[in-house]
Amino acid sequence: MKTVDVQKIIRGTLIERYLYCRLKDCDCRKKKKKKHGPHYYLVCSKNRKTIHTYIPKDKVETVKLHIENYNKLWQYIDNKSEENIIKVLKRKVKKDVKK
Ligand SMILES: [Zn+2]
C-alpha cells in the first residue's frame, strides 16, 4: 500500500451546492444558472442521521485529501481482511450465496 497518513482521514462525501441568496433583486432569483456557488459540504451519516458540514473554500482540497486517505485505508483493510481469511484457512474462500 502506498503510504497513507492514518492521522489524516475524514469519512464522508464532498458535495457542491448552488444556492439562492437573500437579496430580492439578485440574478440568482431570475436564472437558475446565476445561483451562487459552488458551496461545499461534507455529508456523512452518524447514528442513522445525515450530517452536512459546511466546508470553507480554502479547506476543500485538504478535506478531499483526507477523504481519499480514508477510502484508501478502508480499501487496504478490506483487502487485508480477505487475504487473512485465506491465510488462516489455508485455502481459497468460497462465498456463500444466500438464497
Ligand atoms: Zn443572489
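Which residue in strand 2 is the bridge partner of L19? It is H36. The structure is a predicted model, and its protein chain comprises two helices and three strands. Read along the sequence, these elements follow the pattern β-α-β-β-α. The chain has a radius of gyration of 21 Å, whereas a compact globule of 99 residues would have one near 13 Å.

**Overall dimensions and burial**

- Taken along the principal axes, the C-alpha atoms of the protein chain fill a box of roughly 70 × 40 × 25 Å.
- Of the 99 residues of the protein chain, 3% count as buried.
- Contacts between residues at least 6 apart in sequence include a share of 47% that join residues at least 24 apart.
- The C-alpha atoms of L89 and K24 are separated by 68 Å, and these residues are 65 residues apart along the chain.

- The three strands form an open sheet with the order 1-2-3 and antiparallel pairing.
- Strand 1 and strand 3 (49–55) stand at the edges with a single partner strand each, so one side of each has no neighbour in the sheet.
- From one strand to the next, the twist averages 40 degrees.
- Strands of a sheet pair through backbone hydrogen bonds, in either a parallel or an antiparallel sense.
- Strand 1 and strand 2 (residues 36–46) run antiparallel and are joined by six bridges.
- Strand 2 and strand 3 are also antiparallel, and their pairing extends over seven bridges.
- The bridge partner of S45 in strand 3 is T50.
- Strand 3 lies largely in the open, because the number of buried residues among its seven is zero.

**L14 in strand 1**

- L14 lies in strand 1 (residues 13–19).
- L14 counts as partly exposed because it has 15 C-beta neighbours inside 10 Å, a number that falls between the limit of 12 or fewer for exposed residues and that of 20 or more for buried ones.
- Leaving aside residues up to four places away in sequence, L14 touches Y40, L42, I55, V63, K64 and I67.
- The C-alpha atoms of L14 and C44 are separated by 8.9 Å, with the two residues 30 residues apart along the chain.

**Helix 2**

- Helix 2 lies across strand 1, strand 2 and strand 3, and runs at about 145 degrees to strand 1.
- The 30 residues of helix 2 (residues 60–89) should span 44 Å at 1.5 Å a residue, and the end C-alpha atoms are 44 Å apart, so the two values agree.
- Helix 2 is hardly covered, since the count of buried residues among its 30 is one.
- L89 belongs to helix 2 and counts as exposed, with 9 C-beta neighbours inside 10 Å.
- An α-helix has 3.6 residues a turn, so residues three or four places apart point the same way.

- Most residues other than glycine have a negative phi, and most peptide bonds are trans.
- The peptide bond from G37 to P38 is cis, with omega near 5 degrees.
- P38 is found in strand 2.
- The hairpin of strand 2 and strand 3 has two residues between the strands.
- N47 is placed in the loop between strand 2 and strand 3, and its phi is near 50 degrees, a positive value in a residue other than glycine.
- N47 counts as exposed because 5 C-beta neighbours lie inside 10 Å.
- R48 is also found in the loop between strand 2 and strand 3, and has a positive phi of about 65 degrees although it is not a glycine.
- R48 is exposed, with 5 other C-beta atoms within 10 Å.

Definitions and conventions:
Residues are numbered from 1 along each chain as its sequence is written. This is a predicted model: local features need pLDDT of at least 70, side-chain atom pairs count only at pLDDT 80 or more; totals for chains, interfaces and linings use all residues. Helices (H or I, at least four residues) and strands (E, at least two) are DSSP runs, numbered from the N terminus. The expected span of a helix is 1.5 Å times one less than its number of residues. The radius of gyration is taken over C-alpha atoms; the globule rule is 2.2 Å times the number of residues to the power 0.38. Two residues are in contact if their C-beta atoms, placed from the backbone, lie within 7 Å. Two strands pair if DSSP finds at least two bridges between them. Axes are lines fitted to C-alpha atoms, for helices over the stretch in contact, and angles run from 0 to 180 degrees between N-to-C directions.
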